[in-house]
Amino acid sequence: MRRVVLCGLVLTLACGCATGDGDEGRAPGAPTGVTAQAGSATSVHVMWNAVSGDPPVASYEIYRGGTKVADAPGSAHMLDVVRLAPATAYVFTVRARDADGRLGPSSREVRATTPAAVAQDRSAPTRPGRLTGRAAGSRAVQLSWSASTDDVKVVSYDVYQGGTKVHGVGGNQTATVVTGLRPGTRYSFTVRARDAADNLSPAGPPVRLTTPAGSDQAADTAPAGFRATARLDADGAYYLDLSWVAPRVDGVVTEYQIQLDGQPATSLVWGGDPPRGRAEYSFYAGRDKGVEHRVRLRARLPDGTWGAFSAERTVTTGAGG
């Protein structure tokens, strides 16, 4: 296994050879897809993607600056950091700890600024209305609702699954996608509005949805518009030029897996912001002419699971597009 950094792209190349010791003793990776959104004048909602590992992740540690402020169980991918100061900018990171106690590296830093406090604000926002939703594959649902009103300002919306808060978005957002669900399962969701003084509205009317049976390999989790062409480079080697559009899911997709001829070949992890719109990548394919390759890719979704594979493309080195 070797890692290469090229133009802000962190590339992990899997050599496909046995090492004898496998991944034993390796700490979990850094959480991806970390976001932070002010929930009120004194709280910030932090979310992240699940980290897979062997042994599995047992807990997550949330840091404000360099200080650990909370722990979350390994099954969680969100936490409200509370007791913050109003009108203050904060920086957060998340780290994963596995069942053997190994602590992984920090995620990228994310920033959020709490709004100013409002003196003697005791009026809660009105309840959100007209909550609607639909299943988005077997492990996610899309929700939308009508905006609440407040005598000052709605700062955030809390999304509940049954009686448990599972998601949060900013006060200017009235739609979201909830991931990490189970196939073939009936869910009930409600939404509540929150203002800067932490006044919480009553819950709006619930929406009940059932995820379809099957795995999470739904078509809408696959990268779209996947293209692959072969190219002879000036160094005498052939490359596969790939391009695609990220799946439209809640959160940022930063990691992809390329499968070549039916086997995982390369994982791509963007170290900075992933490209907007169509992404492009050139993949080394050797120096032999006339070799046929089958290639496709899939994205790691914000809930930590792999999405569906793109359409498979067949290309031949030295045969033109």
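Reply: Searching the whole structure turns up one cavity of 30 Å³ or more. Here a cavity is a set of points, on a 1 Å grid over the protein atoms alone, where a 1.4 Å probe fits but cannot get out. Rolling a probe the size of a water molecule over the atoms shows where empty space is left. The model is predicted: local features need pLDDT of at least 70 and side-chain atom pairs count only at pLDDT 80 or more, while totals for chains, interfaces and linings use all residues. Residues are numbered from 1 along each chain as its sequence is written, and side-chain values use heavy atoms, with hydrogens and water left out.

The largest cavity holds about 50 Å³ of space; a volume is the space filled by probe spheres set on the grid points, which are joined across faces, edges and corners. Its lining consists of Q37, A38, G39, H45, D80, S156, Y157, D158, K165, G168 and V169, a lining residue being one with an atom within 4 Å of a point. Two or more of these residues come from each of β3 (35-40), β12 and β13 (164-170). Strands are DSSP runs of E with at least two residues, numbered from the N terminus. By class, the lining has three nonpolar, five polar and three charged residues. Ala, Val, Leu, Ile, Met, Phe, Trp, Tyr, Cys and Pro count as nonpolar, Asp, Glu, Lys and Arg as charged, and the others, Gly among them, as polar.

Next come the strands behind part of that lining. An open sheet of four strands runs in the order β13-β12-β15-β16, with antiparallel pairing; two strands pair if DSSP finds at least two bridges between them. β13 and β16 (207-210) are the edge strands, each pairing on one side only. From one strand to the next the twist averages 30°, where axes are lines fitted to C-alpha atoms and angles between N-to-C directions run from 0 to 180 degrees. β12 and β13 are antiparallel and joined by six bridges, and V159 has H167 of β13 opposite it.

Because R194 lies in β15 (residues 186-195) and D158 in β12 (residues 154-161), the pair ties together parts that are 36 residues apart in sequence. R194 is buried at 14% relative accessible area, and so is D158 at 2%. Buried means under 20%, exposed over 50%, and partly exposed in between, with a 1.4 Å probe and protein chains only. R194 also forms a salt bridge with D198, the closest N and O atoms being 2.9 Å apart. D198 is partly exposed, at 32% relative accessibility.

Four bridges join β8 (residues 89-98) and β9 in the antiparallel sense. A89 has T113 of β9 as its bridge partner, and V91 stands opposite R111 in β9. The covered face of β9 has V110 and A112, and the uncovered face R111 and T113. Residue D98 forms a salt bridge with R102 at 3.1 Å, N to O. D98 is buried, with a relative accessible area of 3%, whereas R102 is partly exposed at 24%.

The loop between β7 (78-81) and β8 contains R83, whose phi is near 60°, a positive value in a residue other than glycine. A87 lies in the loop between β7 and β8 as well, and has a positive phi of about 50° although it is not a glycine. R83 is exposed at 77% relative accessibility, and A87 is exposed at 54%.

Terms used
A salt bridge is a side-chain nitrogen of Lys or Arg within 4 Å of a carboxyl oxygen of Asp or Glu. On a 1 Å grid over the protein atoms alone, a cavity is a set of points where a 1.4 Å probe fits but cannot get out, and a pocket is an open set with protein on both sides within 12 Å along at least five of seven lines; lining residues have an atom within 4 Å of a point.
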